[in-house]
Amino acid sequence: MATLVRERRHQQALELPLPPPLPAAKFRTPTYSPGLSPAATPGSPVIGNLFELEKLAVLGHGNGGTVYKVRHKGTSSIYALKVLRFHDHAAAGFRQQAAREAEIVKRVDSPFIVRCHGVFDNGRLTAGDDVITGGSDGSGGGSNLSFVMEYMEGGSLQDLLRARQRLPEKEISGVARRVLRGLRYLHGMKIVHGDIKPSNLLVNGGGEVKIADFGVSHVVECQGGGKGNAWDSSRDTFMGTCAYMSPERFDPERWDGGGGWEFAGDVWSLGVVVLECSLGRFPLIGPGQRPDWATLMCVMCFGERVEMPETASPEFRSFVGRCLEKDWRKRATVDELLEHPFLN
Ligand SMILES: Nc1ncnc2c1ncn2[C@@H]1O[C@H](COP(=O)(O)OP(=O)(O)OP(=O)(O)O)[C@@H](O)[C@H]1O
């Protein structure tokens with residue numbers, strides 16, 4: 001069932017070209033320092049083969065894949081290995097989106113985004129601009145796509161919220177600043193993340209938050225252009241994702257989801273996350289309500305006021321209000337939010 005849901009979720013058409021690869025793509029020259037941390041650093045060695053990695057533990061499961069904690073046998077560096085498995089009957093859209101995810105993570109390089117150290121297509125390391133097929137290996141047993149990622153030993157923001165329930169405004173402001181810097185980088189490359197939520201914001205050993213999981217990301221032609229690329233809500237039934245979805249993605253007709261709104265959707269999602277960090281629960285619905293499609297749709301269409309924590313500062317209220325502006329044209333941009341007093 002979960003696989004089916006993910007397959008549906010990934011059927012969004014992604015026909016636009018990606019920006020050119022970075023000159024020295026992700027898989028950079030190694031400068032490994034033996035004395036460093038258990039977790040791999042930006043200068044970690046290139047991994048040529050998945051057999052170089054030893055699985056230590058399962059870190060988590062997503063829709064369609066498993067994430068393992070692994071150790072590089074040669075250097076003892078620790079990584080996270082995400083493995084997406086495709087059954088032979090997997091929908092073409094699922095494979096296509098996984099390939100798109102791989103192409104995006106190979107190009108992004110920012111301290112605010114979880115680093116990818118290598119992508120393996122059926123165990124074969126793909127280089128800079130190799131075409132990734134996500135296709136069958138011909139063995140009849142399905143295929144897989146594996147991502148070797150920076151290990152984020154603090155887990156996700158969702159884990160953090162489970163443990164601490166609420167975060168103080170100062171910490172929330174730090175989280176928001178890092179996510180916005182990551183979004184500024186991505187949007188500058190015309191990449192819409194599309195799935196900003198607590199489980200996709202990971203924390204490293206130093207307490208730094210980074211954006212992860214490009215499973216529904218895509219590249220848009222130009223902001224404000226008439227591409228449309230309208231989101232078909234019937235494709236995205238996964239609750240964890242739709243809970244953070246903006247009104248114009250829910251209902252493009254009502255909220256004028258023409259061209260240019262897709263970057264604004266990431267800002268809405270960040271606003272929901274920020275409010276959740278302060279309230280200690282998913283904020284757009286009442287404590288006992290389920291965040292199902294119909295309930296969320298009612299909130300988007302008829303809900304007037306977002307509940308704020310009683311103790312929230314004016315800066316916090318203003319910041320969240322600017323993110324959760326229903327009309328995406330009035331919503332703050334990433335650059336505006338980076339100048340907002342809540343962060344400064
Ligand atoms: N680089 C990483 N370092 C440490 N833990 C990670 C890393 N990437 C993922 N995880 C853990 O594995 C879990 C599963 O990640 P994955 O990206 O597959 O799915 P998800 O984001 O939880 O759900 P979904 O697939 O619905 O987006 C995460 O919630 C996180 O706890």
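A search of the whole structure, which is a predicted model, turns up 12 salt bridges. Two of them are set out here.

| Salt bridge | N to O distance |
|---|---|
| Lys 82 – Asp 213 | 3.3 Å |
| Asp 159 – Arg 162 | 3.5 Å |

Take the pair Asp 159 and Arg 162. Why are these two residues separated by about one helical turn? Both belong to helix H3, residues 157-164, and they are 3 residues apart there, so about one turn of the helix separates them.

Now the domains. The domain assignment gives domain 1 as 53-150. Domain 2 comes in two pieces, 155-221 and 237-343. Domain 1 puts 16 residues into the contact, and domain 2 puts in 18 residues. The size of an interface is often given as the accessible area lost when the parts come together. Between domain 1 and domain 2, about 1500 Å² is buried. Carbon and sulfur atoms give 64% of that area. How many salt bridges cross the interface of domain 1 and domain 2? The rule finds 2.

Next, a pair of helices. Helix H7 covers residues 262-279, and helix H9 covers residues 314-323. Their axes come within 8 Å and cross at roughly 145°. The crossing is left-handed. On the H7 side, the contact is made by Val 267, Trp 268, Leu 270, Gly 271, Val 274, Leu 275 and Ser 278. H9 brings Phe 316, Phe 319, Val 320 and Cys 323. Of the residues in this contact, 9 are nonpolar, 2 are polar and none is charged.

Note on methods: Residues numbered from 1 in each chain as written. Predicted model: local features only at pLDDT ≥ 70, side-chain atom pairs only at ≥ 80, totals over all residues. Heavy atoms only, no water. Axes fitted to C-alpha atoms, helices over the stretch in contact; angles between N-to-C directions. Helix = DSSP H or I, 4+ residues; strand = E, 2+ residues; numbered from the N terminus. Left-handed = near helix turned anticlockwise from the far one by under 90°. Contact = heavy atoms within 4.5 Å. Nonpolar A, V, L, I, M, F, W, Y, C, P; charged D, E, K, R; others polar. Domains from an automatic or database assignment. Buried area = accessible area lost by both parts, 1.4 Å probe. Salt bridge = Lys/Arg side-chain N within 4 Å of Asp/Glu carboxyl O.
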